Amino acid sequence: MAMLTRRTVLQSSLGAAAVGVLSSPYVANAAATTAEVWWTQGFVPEEDVAFKAMVAEYEKQSGNKIDYSITPYAALRQKEISAITSGVVPDMMEIADFAITPINAWDDKLVDVNDIVEPIKAQFMPTALDCCFHYNNVSKKRSYYITPMKIAAVPFHIWTSLVEKGGGKISDLPKTWDAFMDFFKPIQKGLRGAGVRNVYALGYQLTTNGVDPINTFNAWMTAYGGNGLVTKDGKLHIDDPHIKEAFIKAIVSLTTPFKEGYVPPGCVNWNDADDNNAFHSKLMVMDFDGTISTELALLSQGRKDDFNDVLTHGLPLSNEGKELPSQVAVFGPIIPKGAKSLAAAKEFAKYMIQPKVLNEYLKGGLGRWALPIPEMVKSDPFWLKDDPHRQAYLTQSVLSPTYPIYEAYNPAMAQVGAEHVHMTACFDVMKEGMAPEQAAAKAFKRMEEVFAKYPIAQS
């Protein structure tokens, strides 16, 4: 994730160009009502400005009132969990953690939004829709519970100047996974030989603090042929030999550079934003982290030269030269059961999900979140032509092969993530000296126990 304290205003020229003007689609004129909405604070101020502009335009068109609060995501995550647990809920809240929806949909604590998603879903990415389609253990069926507004893959972020100072060339970046990772190791040696002491080749989260970096582990598994740990039917596939092999290889690939001194040792204590902060301080040459908040934050700090120095890079090819799919997560609003102004909440969601409205809103936020509507991404030059960071990010998140977070297939994976099962396997190797095969077997045993609590009926 990105820094929680990024509140500095971007260069006024960039902000004015990016915010744009919201379009004016039709809004049903029902009796004026008020909906209470909780929204996630942006990591750059333009995101909040864009949300407020969208709300103002909706209120103007509809006559309804949106009583909103904007809260940093870590605090909002706790606030949302407490609200759903207590039953004292707002009418709508943007999910601040992609684990919130599958668990609460399972427990029948959310209102389905089928009537919002179905009319417009043909325009949206199938993967984005899959991320919103959760199983309800009371109704024994899947429904849409998230209005899909934002999608994000996890790209690499690379300091080009550090690569060159360490004796390398960006043009020499290898195309395949292991070679790509190994490329940065001699860069570290070259930098230290040039007198840059406190610098490391690789940056990624190996931590059991905060939100679990399970998407990092899943990317490494996918690189080694392990895409499919959980399938669309909600089943766990740790009995598949390819999955087992990929899980073990991911452990080895993530932990070996740490043990060899190529990853900052403090990464074991990182929490949410710490890898961004480390990358911004040039503690490592490369970082693997979701969205392009890393790049946009440099602009918000007035570091335009550094912004231009960073290369945003999608996933390399597999070691066999095959294109790798990226795991993506979708964010957007959910409606908890107990919402007092359900009709008003749904009307606001229907407004926000209109493609033109959604496109202008996300552009106003400088494209930190990708637009999950492929044809609009292709037709609007903002996404693919105006900035190389966005171009790489949107290509990875929207136009290249993707697959949804496993939590969408089975809420058991949300509990697995909350328990840091994957990262504990890495710690068992790094800190306890356990063999990777033994650490994997321990992780598989715990996953089996968790999945047994979430059986999904097959239609």
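This is a predicted model: local features need pLDDT of at least 70, side-chain atom pairs count only at pLDDT 80 or more; totals for chains, interfaces and linings use all residues.
Residues are numbered from 1 along each chain as its sequence is written, and side-chain values use heavy atoms, with hydrogens and water left out.

Where does Q205 lie? You will find Q205 in the loop between β8 (200-203) and α9 (214-223). Helices (H or I, at least four residues) and strands (E, at least two) are DSSP runs, numbered from the N terminus. Q205 counts as buried because its relative accessibility is 7%; buried means under 20% relative accessible area, exposed over 50%, and partly exposed in between (1.4 Å probe, protein chains only). Its side chain also makes a polar contact with the side chain of D275, at 3.0 Å. A polar contact is a pair of N or O atoms within 3.5 Å; within protein, one must be able to donate a hydrogen and the other to accept it, and residues adjacent in sequence count only if both atoms are side-chain atoms.

Now for the nonpolar cores. Each is a set of buried Ala, Val, Leu, Ile, Met, Phe, Trp, Tyr and Cys residues joined through side-chain atoms within 4.5 Å. The largest has 81 residues, and F184, W220, F247 and M447 touch the most other members. Not counting residues up to four places away in sequence, W220 touches F156, W177, M181, Y204, A250, S253, L254 and F288. A second, separate core holds 78 residues, including M54, F98, V328 and M352.

Next, look at helix α18 (residues 388-399), where H389, R390, Y393, L394, Q396, S397 and V398 are buried. Why are they on the same side of α18? They cover an arc of only 165° around the axis, going by the directions from the helix axis to the C-beta atoms. At the start of α18, a side-chain oxygen of D387 comes to within 3.0 Å of the backbone nitrogen of H389.

Finally, step back to the protein chain as a whole. Its secondary structure comes to 21 helices and 13 strands, and 61% of its 459 residues count as buried. The C-alpha atoms fill a box of roughly 70 × 55 × 35 Å, taken along the principal axes.

Conventions: Contact means heavy atoms within 4.5 Å.
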